[in-house]
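Okay, everyone, thanks for coming. Let me put the structure up, and then we'll talk about the pocket and the ligand.

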Amino acid sequence: MTLAAQARRAATAFAELHGSAPRGVWSAPGRVNLIGEHTDYNDGFVLPFALPQRTAVAAAPRTDGVLSVATLGEDGALRRADPVAIADLEPGAVTGWAAYPAGVAWVLRGEGVAGGADLVVAGDVPVGAGLSSSHALECAVALALLGLAGVPEDRPLIARWVQRAENDFVGAPTGLLDQTASLLCTEAHALFLDVRTGETEQVPFDAAAHGLEVLVVDTRAHHSNTDGGYAARRAGCERAAELLGVPALRDVGVDGLTEALDQLPDDLRPLVRHVVTENDRVLHAVAALRAGSPADLGPLLEASHASLRDDYRVSVPELDVAVGSALAEGALGARMVGGGFGGSVIALVPAERRAAVEERVLANFTARGWAAPRTFPAVPSAGAGRDDRSPT
Ligand code: GLA
């Protein structure tokens, strides 16, 4: 569905539920990360782009300080979360999907934006697929609440606020990749972000002009950033940085890798090797895109997957089979995206090989008795924004 369609669904459902039109509709996209996985919380580099799939939030202010959220399911049914007084929000008070909007309201309350609101959510970002559906929801809610309050948008700051909602309210110790992608990506570009400095560069990425497509394979294997595996990797990286006497693993370059590994215990070496080589791969990927050679991303994607599988150990058999199937059918490269432990794979495929890749992935999943994966080609799309207003 297009951007306008999700906004319309949310606005229509809002009018049905509340008997009046919303004050505004804001939406935010899911993302894939071309490369740069588990580097963000190490102060490193990432290179995501926004998906066409988005989450829209139709919103109107309330005068009683209450946050009421309803979400429109794929079946057209509205599920309402229990309304909560924003003044009473505390971490742990709200669980499940409603914790995401509540977490954003909780953070904004601390920033002096505490007005109540009715929100109706509609979207088509696959949930639990490692495509950042939670951040799409949080970013759209943040823009909606700020928009209702008339607060001017400072996108990098909003990304930090959304991160705080995830970390301190929802309880997922995630980095800055997803929110920044959802808020700052632009159509036809990948976003090169240096997490330490906050510097960004919109890097043109037009795979189609080179006869290529980025195919997303949602393996439907469960993915969550709150299950403990993500936090354990993050803690390992922090311990390694401490032992090396650097602020973050970003400060170890490929040239200093061997020397750094020599100073570390066995269990931390693979983590550090992944982060350091992955940061380097991002820089090479950016150089390939700047040079107009997206085909050169192929080997980098493949190496990234091997590193995430063997060193960082966040892959699962479904991801490995999807990557292997894609490569066997002529993909130039493929890798898991996001936190791992399930979720999605991206494959860079010559357009004419796409159908064959999809067939092989499906056949290999069916042969193992796994649910059929969901596949779709992804083009870099627009970041978050207000939907019911023409761009100025
Ligand atoms: C999840 C987190 C991000 C990032 C990735 C791994 O998507 O939300 O902050 O750490 O995993 O790159």
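When I say helix here, I mean a DSSP run of H or I with at least four residues, numbered from the N terminus. And keep in mind that this is a predicted model.

How much space lies in the largest pocket? About 960 Å³. It's lined by 44 residues, and the closest to its centre are Pro 126, Val 127, Gly 128, Ser 133 and Ser 134.

Which element gives the largest share of that lining? That's H3, with four residues. H3 runs 133-149, and strand S4 (66-72), strand S7 (116-123) and helix H5 (177-184) each supply at least two lining residues as well. By domain, at least three lining residues come from each of domain 1 (3-201) and domain 2 (205-377).

Now the ligand. There are 14 residues around the ligand, and Glu 37, His 38, Asp 40, Asp 178 and Tyr 230 come nearest. With Glu 37, a side-chain N or O atom sits 2.7 Å from a ligand oxygen.

One last stop, helix H8, residues 269-290. Its 22 residues reach 32 Å from first C-alpha to last, close to the 32 Å expected at 1.5 Å a residue. Just after H8, Gly 292 takes a positive phi of about 70°.

How values were computed
Residues numbered from 1 in each chain as written. Predicted model: local features only at pLDDT ≥ 70, side-chain atom pairs only at ≥ 80, totals over all residues. Heavy atoms only, no water. 1 Å grid on protein atoms, 1.4 Å probe; cavity = no way out; pocket = protein on both sides within 12 Å on 5 of 7 lines; lining within 4 Å. Points joined across faces, edges and corners; volume = space filled by probe spheres on them. Domains from an automatic or database assignment. Expected span 1.5 Å × (residues − 1). Near = heavy atom within 4 Å. Polar contact = N/O pair within 3.5 Å; in protein donor to acceptor, adjacent residues only side chain to side chain.
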